[in-house]
Amino acid sequence: MIRTLAAALVTGALLLVPSAVAGGITGPTTIAVGFGSVWVGLGSGEVVRLDAGTGRETARLKGGPTEFVHGLAVGHGALWVLRGRLTRVDPRAGTVRDVKGIGTATAFTIAVGTGAVWVADDGANSIVRVDPRRARRAAVIRVPGRAFGLAARGRQVLVVSVPSSGPVTGPGGR
């Protein structure tokens, strides 16, 4: 399944891949592109590195028995992996380092931008700013409700926050 996904990405074709579900399926869960590679996170906690030109697997980062890759992001000279904890992968040096104190069972979203790595923790109603040079927490920012989505670019970080109670409404109360 991974090789088919890579071939489709390289040729520009669209391929629908079944999403993985915690508790058994080990297929693709998330994807990122950087360092001449396509990175695919798996439900098994593994991260597969594919050559962006050929689609061939060039490396595999092992996962743990209860891990699930929730997010991948590329920036600041690294691949950042969110799977219950935050891991910094240096693709050039081949080193892997966990960022201490970052990540919980409810940290599902990651983004890179504004000079930092950002992790949304849905269960803690917060986003965490990580200093990418030191690979450690720089700030914890509380948000109203559950921090569910996250995007960063330029000088802005956008957070989707879902109320912890009451109805969820759209713009204008719809």
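Which residues does Arg83 touch, not counting residues up to four places away in sequence?

**View 1. The contacts of Arg83 in the predicted model.** Arg83 touches Gly45, Glu46, Leu61, Lys62, Gly63, Glu67, Phe68, Val69 and His70, with residues up to four places away in sequence left out of the list. The residue is found in the loop between E6 and E7.

**View 2. Polar contacts of the Arg83 side chain with backbone oxygens.** At 2.4 Å, the side chain of Arg83 reaches the backbone oxygen of Gly45. A polar atom of the Arg83 side chain also lies 3.2 Å from the backbone oxygen of Lys62.

**View 3. The pairing of strands E6 and E7.** Strand E6 comprises residues 78-82 and strand E7 residues 86-90. The two strands run antiparallel and pair over four bridges. Leu82 stands opposite Leu86 in E7. The loop between E6 and E7 holds Arg83.

**View 4. The open sheet that contains E6 and E7.** Four strands form this open sheet in the order E5-E6-E7-E8, and their pairing is antiparallel. The edge strands are E5 (71-75) and E8 (95-99), each of which pairs on one side only. On average, neighbouring strands of the sheet are turned by 20 degrees against each other, direction ignored. In general, strands of a sheet pair through backbone hydrogen bonds, in either a parallel or an antiparallel manner.

Definitions and conventions: Residues numbered from 1 in each chain as written. Predicted model: local features only at pLDDT ≥ 70, side-chain atom pairs only at ≥ 80, totals over all residues. Heavy atoms only, no water. Pairing = 2+ DSSP bridges. Axes fitted to C-alpha atoms, helices over the stretch in contact; angles between N-to-C directions. Polar contact = N/O pair within 3.5 Å; in protein donor to acceptor, adjacent residues only side chain to side chain. Contact = heavy atoms within 4.5 Å.
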